[in-house]
Amino acid sequence: MAISTLTKIYSVDQVDVTITRTTPQVMTINTLARVTSSGWTDAQLSQYVYLQPPTDGVQEFDIAARPPAPDVITMPVLSPISSYTQIPDIDVENFWGKGIAIKGIRIFSASNSKTVEIRAFDETIAMGDTRMPMAFAGYRVEKTEGILPSFAVDIKSMFRERDVNSMIWAFDLHSYVDVKTNAERIYAALQQNMPCDGLWPDEDVKEFKSWMDSGMQP
């Protein structure tokens, strides 16, 4: 059986971007997409390479996968597929060069694209945007001693869009009131089986507990 080459995927439906607090930082991109039939495998992102930093500061990718071989029987229906990409050893604020920060991630499929904006949380708060749009990834600057963790700056972004959607039947993980009210239940779940696709890093669980213990600031 011949091995198929990678082909751009039909559509991209959702992109989640997370950035660690470590130095250097690690960026993780989870993408949910659709292909035109069953049998596609090996979905992955292909990163664009630039001679000069893009004017909008957005790093772009194509999402592609391996289509089924011609001799494989498939179902001609739109089918889900996902990719997981990790980019280690980055510096968000100097991604394109000294003092030139990355501003977002954009994923192109054959029929559409999705963009996730990247902003520092202190910039978000300064803009008065405590709601944070869904297509958003935040990174944390080093904390100043004595500043208590808050929901808007430290906690909300830990819950991805897929986490919010999967729990909306019970409570809204992007609602300060809902998370504060259910904090004990959420903390217990974070230590056992939440999120269902992989537990939080220990440092994030500790941050959530620290937020609880310090009065659950908004």
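Which residues in helix 5 meet which residues in helix 6? The legends below refer to a predicted model.

**View 1. Contact of helix 5 with helix 6.** From helix 5, the residues Ala183, Glu184, Ile186, Tyr187 and Leu190 meet Val205, Phe208, Lys209, Trp211 and Met212 of helix 6. By class, the residues of this contact comprise 8 nonpolar and 2 charged, with no polar ones.

**View 2. Axes of helix 5 and helix 6.** Helix 5 spans residues 183–190 and helix 6 spans residues 202–213; their axes come within 10 Å and cross at roughly 160°. Because of this angle, helix 5 is roughly antiparallel to helix 6. The crossing in which helix 5 passes helix 6 is left-handed.

**View 3. Pairing of strand 3 with strand 6.** Strand 3, residues 25–35, pairs with strand 6 over 10 bridges in the antiparallel sense. Ala33 has Ile81 in strand 6 as its bridge partner.

**View 4. Segments with pLDDT under 50.** Over residues 122–136 pLDDT stays under 50, and the model has 27 contacts beyond four places in sequence for this segment. Residues 140–145 also stay under 50, with 13 such contacts. Where pLDDT is low, predicted coordinates should not be read in detail. For the chain, the mean pLDDT is 82, and 84% of residues reach 70 or more.

Terms used
Residues numbered from 1 in each chain as written. Predicted model: local features only at pLDDT ≥ 70, side-chain atom pairs only at ≥ 80, totals over all residues. Heavy atoms only, no water. pLDDT = per-residue confidence, 0-100. Contact = heavy atoms within 4.5 Å. Axes fitted to C-alpha atoms, helices over the stretch in contact; angles between N-to-C directions. Helix = DSSP H or I, 4+ residues; strand = E, 2+ residues; numbered from the N terminus. Parallel < 35°, antiparallel > 145°, perpendicular 65-115°, else oblique. Left-handed = near helix turned anticlockwise from the far one by under 90°. Nonpolar A, V, L, I, M, F, W, Y, C, P; charged D, E, K, R; others polar. Pairing = 2+ DSSP bridges.
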